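Please read it alongside the model.

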Amino acid sequence: MKPTDIKNPEYFHKVVDCQYACPAHTPVPEYIRLIAEQKYDEAYMINWDSNVFPGVLGRTCDRPCEPACRRGRVEKEPVAICRLKRVAADNKGDVTKFMPKGPFKPNGKKVALIGAGPASLAVARDLAPLGYEIHLYDEQKLGGGFMRSQIPSFRLPESVLNEEVDYILDLGIHQHFNTYVKSLKEILDKHYDAVFVGTGAPRGRDLPDLKGRKEGAANIHIGIDWLSSVAFEHTSKIGKKVIVLGGGNTAMDCCRTSRRLGGEQVKVIVRSPFAEMKASPWEKEDAQHEDIPIIDNHVPVSFVVENGKLTGMTFQKVKAVKDDKGKRTLVPTGEPDVFIEADDVLIAVGQENSFPWIERDLLEFDKWNMPVVNDRSFVSSNKKVFFGGDAAFGPKNVITAVAHGHQAAISMHLSCIGKDIMNDRPDPMVNLHSMKMGIHEWGYDSAVVDDLRYVVPQADKKVTLTNRKKEVELGFDIATGFKEAERCLNCDIQTVFSESKCIECDACVDVCPTSCITFTSNGEETDLRERLKAPATNKTQDIYVSDILPTGRIMAKDEDVCLHCGLCAERCPTSAWDMQQFFYNVTKAGKIWQEELVIVK
Amino acid sequence: MSYIRPKFRHPGLPKNELGYTIDHYEGSLSTLCAGCGHDSISAGIVQACYELNIEPHKVAKLSGIGCSSKTPAYFLVNSHGFNSVHGRMPSVATGANLANRDLMYFGVSGDGDSASIGMGQFVHVIRRNLKMVYIVMNNGCYGLTKGQDSATADEGSKNKAGSVNHFGAIDLSSLAIELGATFVAQSFSGDKTQLVPLIKAAMKHNGFAFINVISPCVTFNNNVGSTKSYDYVREHVEATSTVDFVPEMKTITTSYEEGTVKGVKMHDGSVIQLHKLAPEWDPQDRLSAINAVQHAKAKGEILTGLLYINEESKNLHDLMGSTNIPLNTLPESVLCPGSEKLKDVNAGLR
């Protein structure tokens with residue numbers, strides 16, 4: 001193998017598994033250390049810079065970071081990264097003093113943001129300090145988009161959402177709420193320099209062809225519309241017996257909301273096996289904790305309506321069968337259909353995009369009726385129109401929407417100052433510095449604790465089920481937050497090897513608790529992976545390879561289960577190993593080319 | 001400074017025939033200087049015991065005083081141990097071995113502990129051919145008292161302060177062969193591929209197995225001009241052979257050129273496969289071994305590998321005809337036969 005090029009920031013970035021997995025590349029270990037130090041303001045601001053909604057995400061994020069967490073590879077459970085974020089948000093003081101403050105010197109350009117969800121708000125946050133005149137349009141009376149209409153307040157209190165939305169609106173955004181945009185052409189005619197479409201995936205899928213759908217319509221609701229109607233307080237009750245169709249997170253929100261609006265026997269019914277449901281495991285757990293059975297392998301057959309009133313649904317029982325190619329199909333078991341009683345049915349079987357308001361001659365759409373959007377610059381075929389969030393590539397999640405927003409904001413800014421939106425994109429901000437403080441001392445808490453993941457306490461079910469707005473999760477208290485933060489392995493403190501200093505004493509090899517380091521003859525990667533002290537079978541993790549050493553061998557380190565405990569560097573007599581903190585931050589529009597802000601009209 | 005090793009281990013660690021992963025043979029985290037050769041030797045012992053499927057409770061680690069003698073804390077945490085008086089480890093080992101011949105004895109000593117204060121003990125334990133592995137972690141200086149020259153420091157070797165040693169070195173390997181040791185090997189802490197099979201072979205030897213391991217002191221004796229530094233040893237090391245240790249019942253699968261391989265069969269059926277690098281040397285011939293060591297010395301080289309072995313060795317128990325049964329399992333009536341028996345013995349001496 002060739003020596004690893006550690007000068008390429010992406011190499012060490014990949015070692016920080018959580019940050020690499022985060023769509024917005026939030027510097028996770030950095031803020032977790034700050035939480036351990038009780039520096040909540042700083043931890044919050046690191047988050048705010050990267051993901052704009054730390055309080056919201058600390059409660060509701062899909063957590064792509066957690067399955068990636070290294071701790072999950074050496075122990076059972078990853079660090080509770082998401083809920084630690086909430087600790088920062090819950091315990092921070094006044095952070096507005098760290099945020100950009102308007103009024104900003106106008107730069108003479110104006111942009112429109114359609115939809116006031118996370119993607120648009122991220123764009124607004126990044127562009128406002130640059131002096132843009134920003135017009136934000138939304139059909140609802142308040143900002144937040146799906147964060148407000150879809151996520152029930154027992155998971156995300158309104159106060160938390162309002163606070164974080166207001167941080168952005170207070171930057172001097174021109175707000176056009178209660179305004180449904182009927183035509184993109186009308187917007188473009190208002191001479192905006194750039195338009196951002198962040199309208200999400202607002203249409204819930206229906207089951208229009210199912211028998212009885214029309215007859216029972218009064219008691220059959222589309223999940224996301226129903227949730228939105230609850231959020232805006234148009235709906236306040238539901239029948240005692242409720243069926244929720246679907247196995248995603250929306251279904252989980254629907255069933256739990258039903259329990260709070262009078263649903264006593266609420267059942268989730270899914271086509272697929274339980275294990276294959278799309279909902280996050282913790283959301284399934286929370287639903288079951290609220291006495292909601294999840295019945296899997298049941299395919300809806302018909303709505304049963306008697307005397308013009310919905311009485312229930314019939315289902316066909318199926319089982320999952322895998323063919324030779326591993327493709328899964330649902331095959332009827334042959335058992336008789338099952339009837340399940342219901343006063344109301346909520347359909348939460350997916351959602352999709354819908355752009356009735358975009359004139360098709362303005363920009364190109366593909367065969368799935370989705371806009372053609374570049375996945376780096378987020379520009380559409382119309383160079384003034386940019387997309388982001390669910391509107392760009394279909395339903396994902398809040399953190400992905402924010403990441404899109406940052407990138408779209410960069411493109412919009414580049415385009416407004418006459419630069420190339422592909423070639424002039426800024427590099428990430430990267431820093432690497434030694435954490436050595438003394439002979440055997442590091443500037444970070446290098447000891448690895450054995451604690452298992454702490455459970456976030458919940459409020460009493462008796463209280464939460466009777467009050468829709470009472471938050472279920474209480475969050476970690478400060479002491480538990482510290483203990484959970486200590487579980488972080490500090491993967492951003494990198495093991496940096498300099499071959500010129502190595503005397504090949506083997507001390508690092510002997511001391512490494514997880515057998516990561518091997519000195520051996522060089523070879524091809526597949527061969528080398530076999531010959532290491534412990535075979536490196538996780539191909540998603542790189543092997544860090546040095547140049548040839550005086551004895552003709554190389555140093556090969558399997559990054560897979562390195563604990564970043566610093567023992568190799570501590571036992572190294574010549575500092576050939578050093579623990580160096582790697583900081584990687586995606587550059588946002590607000591941070592770039594500030595000196596070029598003066599735009600000639 | 002870290003004093004606790006994290007508990008997590010590589011989830012894919014292989015297990016030996018006893019079902020143990022290698023960490024079962026580790027000790028607590030070393031407090032020796034970073035980069036100390038002794039730690040590599042400890043790791044070599046861990047590796048050898050793991051590979052030979054040794055049950056840790058069947059091992060006793062014994063040591064004297066010095067940096068080397070601290071190391072039994074850093075390997076085989078599940079074994080017995082005795083940290084004895086300076087230079088007196090052989091006496092303690094002799095006593096323990098006579099009382100319980102079922103255990104395997106690992107003696108760890110240093111150049112000060114063996115070549116100075118414990119020299120008398122060292123030569124007598126060789127003479128008695130006590131069944132044990134005796135490892136000297138030889139760094140040519142007194143590391144624990146800030147690096148004064150030891151009795152194994154080579155003449156002309158320069159210490160860290162720049163002063164040159166005017167005394168000739170005691171060559172422990174030559175001395176051991178001379179005194180009739182039945183297994184003598186020499187190695188380098190920086191070469192585990194050689195060291196580990198040597199330790200394994202030594203553990204299978206039926207008698208006193210001596211390994212002199214050059215183990216650089218990174219703090220006090222790793223300077224330019226020292227003959228026990230990593231760089232100097234790497235430049236001057238000359239191996240008698242490459243060694244493969246083949247436990248009994250295993251097929252031999254070495255692929256060396258014919259005629260250069262010498263297989264030495266041990267008393268329990270295991271085999272040491274030697275790929276000879278020096279054609280004139282025969283490891284079963286003492287004269288040839290002494291010659292090889294002296295020739296290398298004359299050329300300024302450090303000869304490593306298995307130097308001499310007498311696989312028909314008889315250990316102290318064999319020579320004394322002592323009981324096969326560990327004393328702690330004998331009943332009191334046998335251990336202490338009573339005054340009548342004493343009278344008989346006394347009568348026999350009249």
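The centres of domain 2 and domain 3 of chain A, taken over C-alpha atoms, are separated by 32 Å; the domain bounds come from an automatic or database domain assignment. The model is predicted: local features need pLDDT of at least 70 and side-chain atom pairs count only at pLDDT 80 or more, while totals for chains, interfaces and linings use all residues. Residues are numbered from 1 along each chain as its sequence is written, and chains are lettered from A and ligands numbered from 1 in the order in which they are written.

**Domains of chain A**
- Chain A is divided into domain 1 (9–97 + 446–485), domain 2 (101–202 + 353–416) and domain 3 (205–350).
- Six residues of domain 2 of chain A are in contact with nine residues of domain 3 of chain A, a contact being two C-beta atoms, placed from the backbone, within 7 Å.
- On the side of domain 2 of chain A that touches domain 3 of chain A, there are three nonpolar, two polar and one charged residues; Ala, Val, Leu, Ile, Met, Phe, Trp, Tyr, Cys and Pro count as nonpolar, Asp, Glu, Lys and Arg as charged, and the others, Gly among them, as polar.

**Confidence in chain A**
- The mean pLDDT (the predictor's confidence in each residue, from 0 to 100) of chain A is 94, and 98% of the residues score at least 70.
- In residues 593–601 of chain A the pLDDT is below 50, and this stretch has ten contacts in the model beyond near neighbours in sequence.

**Contact between the chains**
- Chain A places 28 residues in contact with 24 residues of chain B.
- Helix H20 (507–511) and helix H22 (567–570) of chain A each supply at least two residues of that side of chain A; helices (H or I, at least four residues) and strands (E, at least two) are DSSP runs, numbered from the N terminus.
- The side of chain A that touches chain B has 15 nonpolar, six polar and seven charged residues.

**Helix H3 of chain B**
- In helix H3 (residues 89–99) of chain B, the buried residues are B:Met89, B:Pro90, B:Val92, B:Ala93 and B:Asn97; buried denotes 20 or more other C-beta atoms within 10 Å of a residue's own, exposed 12 or fewer, and partly exposed in between, with C-beta atoms placed from the backbone.
- Seen down the axis of H3(B), these buried residues fall within an arc of 160°, so they line one face of the helix; the arc is that of the directions from the helix axis to the C-beta atoms.
- Exposed residues B:Gly95 and B:Ala99 lie on the face of H3(B) turned away from its buried side.
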